[in-house]
Amino acid sequence: MNIDLLDLFTTVLGLVYIWLEYRAHIALWVVGIVMPALDVYLYYSHGLYGDAGMAVYYTLAAVYGYVAWKLKERRAAARLTPASSSAAGGDGGQTAATTISHMPIRLYLPVTAAFLATWAATYYILIRWTNSTVPLLDAFTNALSFVGLWALARKYVEQWFFWIVVDVVCTVLYVQKGIPFKAGLYALYVVIAVFGYFKWKRMMTPPAQPQATTAGE
């Protein structure tokens with residue numbers, strides 16, 4: 001079996017990326033710029049034209065994600081009082097946690113509409129201008145990834161649900177397309193995404209502050 005070194009290298013970057021995402025570390029966006037930029041060529045050379053186009057979007061969206069996280073963390077830090085900062089240990093660790101939130105219910109309908117519209121548009125492009133052999137699933141993963149990346153940039157905990165579905169479908173697609181390292185990576189993503197959801201859920205809840213004791217206690 002011939003080993004695609006680019007497949008292997010971007011797989012390593014993908015492991016770094018998902019580890020940083022699991023930890024809700026802002027450095028994930030730096031890797032998120034480099035990895036999809038390389039994926040553009042990788043996917044295109046294997047006939048995954050929808051994924052190649054999505055990789056271009058990922059590269060640009062990673063810049064947006066980095067800026068969005070920085071702004072959100074700064075707003076959260078501004079809301080912390082000196083006392084609460086001291087209670088958190090003075091290292092700003094609590095700031096990142098408090099910026100994670102649930103996606104508002106009012107957004108579910110427009111997000112679903114955006115997903116369906118993107119799926120349909122991507123499918124049309126693939127069948128009209130490419131020779132893709134998996135246009136329906138390729139378009140599906142791209143449309144759901146579009147929503148997932150937006151939710152990640154907003155630090156919505158529900159973003160993990162989107163990625164679980166994407167990762168399962170991509171695992172099957174990449175096996176079929178002869179990209180074994182990527183397939184293995186996305187299979188691992190499924191497992192990590194499940195743990196990542198519960199990790200983020202815990203990070204949403206600030207640790208209980210000890211109650212002040214009275215003189216008689």
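Before the first stop, a term: on a 1 Å grid over the protein atoms alone, a cavity is a set of points where a 1.4 Å probe fits but cannot get out, and its lining residues have an atom within 4 Å of a point. Grid points are joined across faces, edges and corners, and a volume is the space filled by probe spheres set on the points.

Keep in mind that this is a predicted model, where local features need pLDDT of at least 70, side-chain atom pairs count only at pLDDT 80 or more, and totals for chains, interfaces and linings use all residues. Residues are numbered from 1 along each chain as its sequence is written, and side-chain values use heavy atoms, with hydrogens and water left out.

**The cavity.** Searching the whole structure turns up 1 cavity of 30 Å³ or more. The largest cavity has a volume of about 380 Å³. Select Tyr-17, Tyr-58, Trp-163, Tyr-186 and Tyr-189: of the 27 lining residues, these are the closest to its centre. The lining divides into 19 nonpolar, 4 polar and 4 charged residues (Ala, Val, Leu, Ile, Met, Phe, Trp, Tyr, Cys and Pro count as nonpolar, Asp, Glu, Lys and Arg as charged, and the others, Gly among them, as polar).

**The whole chain.** Switch to cartoon and you'll find 9 helices and 0 strands (DSSP runs numbered from the N terminus: H or I of at least four residues for helices, E of at least two for strands). Of the 217 residues, 43% count as buried, meaning under 20% relative accessible area with a 1.4 Å probe, protein chains only.

**Helix α9.** Now pick α9 (180-204), one of the elements that give two or more residues to the cavity lining. Its buried residues include Tyr-186, Tyr-189 and Trp-200.

Leaving aside neighbours within four places in sequence, its contacts (heavy atoms within 4.5 Å) include Tyr-43, Asp-51 and Tyr-186.

Last stop: Thr-11, in helix α1. Is Thr-11 buried or exposed? Thr-11 counts as buried because its relative accessibility is 9%. Not counting residues up to four places away in sequence, Thr-11 touches Phe-181, Lys-182 and Leu-185.

Conventions
1 Å grid on protein atoms, 1.4 Å probe; cavity = no way out; pocket = protein on both sides within 12 Å on 5 of 7 lines; lining within 4 Å. Buried < 20%, exposed > 50% of the residue type's maximum accessible area, 1.4 Å probe, protein only.
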